[in-house]
Amino acid sequence: MKSNTNLQSKHNMRNHIIKSTCLLVVLFIANFATAQEKEKDKDKDKKNIGTEVVNVVKPYTPSVSDAFKIKQTPSLNDKETAKKKEIKYSIFSFPVASTFTPAKGRAANLKKAEKEQIYNTYVSLGLGNYNTAALDFYTSRAISRDETFDIALRHHSSQGDIDGVVLNNNFFDTKLDLAYINRSRDLSWKGKAGYQHQIFNWYGLPDVGLTAAQIGTIDEQQTYHNVYLGADVDMEDSFFNGGNILYRRMFDATSSGENRLILQPEFEVEIAGELIKTLVDIDYVGGTFENNYAGSGSIDYSTLKAGISPSLVILRDDLTVNFGAGIYVAMDLENSETDIFIYPRVTAQYRLSGDDIIAYAGVEGDLRQNSYYDFVQENFFVSPTLGIAPTDQQYNGYLGIKGKLTSNVSYNAKASYMSEKGKALFSVNPFNPQPDNGYTYGNSFNVLYDDVNTLSVAGEINVDITSNFKFGAKAEYFNYNTDTQQEAWNLPNLEASIFADYQITENWFAGANIFFIGERKDNVTFAPGTIMAMNQIVTLDSFIDVNAHVGYRFNDRLSVFAKANNIANQDYQRWVNFPVQQFQIMGGATYKFDF
């Protein structure tokens with residue numbers, strides 16, 4: 001019975017082991033299948049990177065080993081280690097007597113330049129030989145922060161006394177200018193008015209053998225009066241840049257009179273980043289001469305010039321170009337005639353090498369309005385019998401180069417060719433005596449008009465030798481080609497000048513200038529039935545006029561000066577039969593003050 005019982009127990013145990021083993025196998029297979037499914041899911045995520053067989057040889061048994069630590073002091077394997085040598089210091093001291101006491105330091109002061117005292121008024125007075133007097137007065141009064149009122153008075157006169165001249169040759173020139181100036185941030189304007197009084201004499205009498213009694217009947221004096229009123233306007237940040245307006249009234253001792261009105265507004269607009277400027281030009285001249293040169297009637301003239309001059313300004317780095325034109329209408333109101341003129345106005349400038357070399361060129365034309373006043377200021381001895389007409393400057397083409405040779409030497413060279421229709425030329429009037437007119441003895445000048453082409457070459461140089469010494473020179477050569485006239489009367493073929501200014505010391509100063517005028521030609525004529533019925537072309541010699549001045553400043557208020565003109569004492573003629581004063585000397589003083 002025991003054996004059966006044991007057998008039964010063994011059999012039950014065997015069945016239990018088998019069941020347990022089967023259960024473990026089932027669990028293992030299920031776990032393995034689940035792992036495979038997870039791996040498949042991962043493989044899908046990783047886009048099937050393949051399979052790998054892992055053979056586990058030994059279970060992973062991690063352990064932590066001791067870290068390797070670098071010792072602070074490495075062991076030395078040298079056979080012998082050097083020992084530091086002990087150094088002993090000994091100081092030998094003894095007392096030293098010292099009397100040095102250091103001064104306290106302080107910053108060095110820069111020497112400030114003495115501020116120049118500015119005065120609002122000055123007066124200068126000079127007297128010289130030939131009973132010459134010169135006065136110059138100026139004052140500027142501040143009405144408010146933005147307003148000032150200026151007064152300027154200038155006078156120059158001489159009693160003449162030119163050697164060999166039988167007629168009175170004194171002159172008198174006085175001018176008074178008044179100005180009111182108002183300045184603001186966006187608008188500045190200036191109102192001005194003035195009066196000028198001039199006296200000259202037609203003293204250039206030709207040597208035709210007139211008797212003393214005949215000469216005594218000549219009234220050679222001429223007096224000019226000039227009154228003007230005008231304004232200048234300047235605006236910022238506006239399409240209207242500004243402009244000017246001027247009215248002038250001139251009359252003389254022979255009942256001649258002239259009116260002139262000039263109006264010139266200027267506009268500027270920006271289109272597509274480019275500047276377009278436009279100048280409006282309205283210029284009227286009208287007047288009357290009581291007699292013509294023959295004494296047979298009066299001369300009336302009235303001319304209106306109206307035009308517009310648009311221009312486009314292009315700025316490109318070193319290049320500046322101005323494209324423009326002038327369109328004018330000229331109306332001869334006296335003769336009811338109208339003409340239209342169109343002129344080129346193109347200029348360009350290019351910097352080849354900064355400010356050292358600048359090339360420039362241009363072609364420009366203009367309708368120039370002539371007037372009795374302008375002719376008188378150019379030649380004081382014109383007769384009050386002129387024909388007044390504008391000059392058509394068809395074009396003036398020029399090419400030049402300018403810049404700096406060094407930091408203190410600048411230069412300018414230029415060549416040009418100009419074509420003018422109706423260019424005004426001064427020519428001596430014929431000898432045709434009329435007792436009531438003191439300008440009919442071949443001692444006055446007329447204005448002739450001709451078509452003239454002019455070729456010119458000019459050069460200029462300026463040198464700042466030091467800050468106290470400046471020097472300059474320029475010269476220009478002319479070649480004229482006339483149409484109907486035999487010569488370009490009274491125009492020189494060469495003009496040159498030299499100047500120098502020297503601040504010798506803080507008190508002493510000096511300067512000089514030299515003028516050279518080349519040969520000129522004129523046509524001397526005599527009316528039929530007069531003493532000498534003939535025509536003759538005369539050549540006026542070239543001349544050099546040397547002038548110098550020196551002065552001394554006592555202080556910032558008072559200085560004295562001396563001036564010398566025509567130092568070479570040349571007896572030259574500026575116009576036919578009009579010699580000039582020879583060596584002239586003048587001394588005077590200038591005083592500044594607040595008024």
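Me: How do you know which residues and values to trust here?
Reply: This is a predicted model, so local features need pLDDT of at least 70 and side-chain atom pairs count only at pLDDT 80 or more, while totals for chains, interfaces and linings use all residues. Residues are numbered from 1 along each chain as its sequence is written, and side-chain values use heavy atoms, with hydrogens and water left out.

Me: What makes up the protein in helices and strands?
Reply: There are three helices and 26 strands.

Me: Why is Gly-230 called buried?
Reply: Buried means under 20% relative accessible area, exposed means over 50%, and partly exposed is in between (1.4 Å probe, protein chains only). Gly-230 has a relative accessible area of 11%, so it is buried. This glycine is found in strand S6 (residues 221-235). Its contacts (heavy atoms within 4.5 Å), leaving aside neighbours within four places in sequence, are Lys-190, Gly-191, Lys-192, Ile-245 and Leu-246.

Me: What makes Ile-245 part of a nonpolar patch?
Reply: Patch residues need over 30% relative accessible area and no salt bridge; nonpolar side chains (Val, Leu, Ile, Met, Phe, Trp, Tyr) are joined within 5 Å, and like charges within 9 Å. A salt bridge is a side-chain nitrogen of Lys or Arg within 4 Å of a carboxyl oxygen of Asp or Glu. Ile-245 forms the patch together with Tyr-247, Leu-261, Leu-263 and Ile-282, with about 390 Å² of accessible area together. That area comes from the Shrake-Rupley method with a 1.4 Å probe, and for residues only the protein chains shown count as cover. Strands S7 (240-252) and S8 (257-271) each supply at least two of the patch residues.

Me: How do you know that S2 and S3 pair?
Reply: Two strands pair if DSSP finds at least two bridges between them. S2 (residues 132-142) and S3 (residues 147-158) run antiparallel and are joined by 10 bridges, so they meet that rule. Ala-133 has Ser-157 in S3 as its bridge partner, and the two strands form a hairpin with four residues between them. S3 also pairs with S4 (residues 171-183) in the antiparallel sense over 12 bridges, with Ile-151 opposite Leu-178 in S4.

Me: What makes a set of residues a nonpolar core, and which residues have the most contacts inside the largest one?
Reply: A core is a set of buried Ala, Val, Leu, Ile, Met, Phe, Trp, Tyr and Cys residues joined through side-chain atoms within 4.5 Å. The largest has 39 residues, and those with the most contacts inside it are Tyr-372, Val-382 and Leu-386. Among the elements that each supply at least two of its residues are helix H3 (372-378) and strand S16 (445-466). H3 gives the most, with four residues.

Me: Why is Gln-581 called buried, although it sits in a loop?
Reply: Gln-581 has a relative accessible area of 11%, so it is buried. The loop lies between strand S25 (578-579) and strand S26 (584-593). Among the contacts of Gln-581, beyond neighbours within four places in sequence, are Tyr-130, Phe-171 and Asn-566.
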